[in-house]
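Subject: Handing over a structure, with notes

Dear colleague,

I am passing on the structure below, together with some notes on what was found in it. Please keep it open beside this email while you read.

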Amino acid sequence: MDFLMSGLAACGACLFTNPLEVVKTRMQLQGELQAPGSYQRHYRNVFHAFITIGKVDGLAALQKGLAPALLYQFLMNGIRLGTYGLAEAKGYLHSADGTHSPIRSAAAGALAGVLGAYLGSPIYMVKTHLQAQAASEIAVGHQYKHQIFPPQSWKVALAAAMVSGIVVVLAMTPFDVVSTRLYNQPTDTQGKGLMYRGVLDALLQTARTEGIFGMYKGIGASYFRLGPHTILSLFFWDQLRFLYSTYTK
């Protein structure tokens, strides 16, 4: 569960931070092995880079490399935090007398970090190649010509649906938990709930008593149920639109 929760949390954050990764990658490649002042600076600062990329490459370019970035975050953070959480649950972070051991914690954290970074490194390389791709007038560094999916491929819709499934689950699981509990609570003779007064009360009680993780109980099952549903819904929707546009021309 630690692996899944930490991986999904990292994926959720990645959706918002990936544009900064694109900007960071471009700025770090700018002027590679060239003396200062001997090359054209396409990106003067972070804000200028955002505007330049959005204007020349299009706003979608700010999310370049999102698919490998999500996979990288899920693997790296899932393995890193999941391994550390497993070591903590098994008691490996405590000394013989039961007290917390800083040395063991540091060793476990380092081992988990190395394992996550090692397994995630190939995916990070692909992410970097994709994020560096740019129009010729603002290109920096070596330009790889990778293309994950061909244009109009059903795989594009499939990948987009998988990403949206993660976002939906992260956003909706707390409300799904509350909905399940409201429907399942005992009632009095008038049909009034005996445990919760409403949605807000159920949210607050769950958060106070069970913590933030209590709000995400069953998230794994939710994704494996909602994920395929979202994927198939968006996939069929995209394919039906494509067929409609093809045969109505």
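The notes that follow go from the whole chain to a few single residues.

This is a predicted model, in which local features need pLDDT of at least 70 and side-chain atom pairs count only at pLDDT 80 or more, while totals for chains, interfaces and linings use all residues. Residues are numbered from 1 along each chain as its sequence is written, and side-chain values use heavy atoms, with hydrogens and water left out.

Confidence is given as pLDDT, the predictor's own score for each residue, from 0 to 100. The mean pLDDT of the protein is 83, and 89% of its residues reach 70 or more. Confidence is highest in helix H2 (residues 46–56), at 93, and lowest in H7, at a mean of 77. Where pLDDT is low, the predicted coordinates should not be read in detail.

The protein has seven helices and zero strands (both are DSSP runs numbered from the N terminus, helices being H or I of at least four residues and strands E of at least two). Read along the sequence, the pattern is therefore α-α-α-α-α-α-α. Of the 249 residues in the protein, 35% are buried (buried means under 20% relative accessible area, exposed over 50%, and partly exposed in between, with a 1.4 Å probe and protein chains only).

A nonpolar core is a set of buried Ala, Val, Leu, Ile, Met, Phe, Trp, Tyr and Cys residues joined through side-chain atoms within 4.5 Å. The largest one here has 18 residues, and Cys14, Leu66, Leu70, Ile166, Val169 and Ile219 have the most contacts inside it. At least two residues of this core come from each of helix H1 (2–29), helix H3 (66–89), helix H5 (154–184), helix H6 (199–210) and helix H7 (219–247), with H1 giving the most, four residues. Apart from this core lies another, of ten residues, among them Tyr43, Ala61, Leu62 and Ala134.

Two of these helices can be compared with their expected span, which is 1.5 Å times one less than the number of residues. H3 has 24 residues and reaches 33 Å from its first C-alpha to its last, close to the 34 Å expected; its buried residues include Leu66, Leu70, Tyr72 and Met76, and H3 is followed by Gly91, whose phi is positive, near 85°. H6, with twelve residues, reaches 16 Å between its first and last C-alpha, close to the 16 Å expected; Asp201, Ala202, Leu203 and Thr206 are its buried residues, and just after H6, Gly211 takes a positive phi of about 80°.

Is His42 buried or exposed? His42, in the loop between H1 and H2, has a relative accessible area of 13%, so it counts as buried. Its side chain reaches the backbone oxygen of Glu137 at 3.2 Å, and, leaving aside neighbours within four places in sequence, His42 is in contact with residues including Gln30, His48, Thr52 and Ile138.

Lys24, in helix H1, counts as partly exposed because its relative accessibility is 27%. The C-alpha atoms of Lys24 and Gln131 are separated by 9.4 Å, although these residues are 107 apart along the chain.

With best wishes

Key:
A polar contact is a pair of N or O atoms within 3.5 Å; within protein, one must be able to donate a hydrogen and the other to accept it, and residues adjacent in sequence count only if both atoms are side-chain atoms. Contact means heavy atoms within 4.5 Å.
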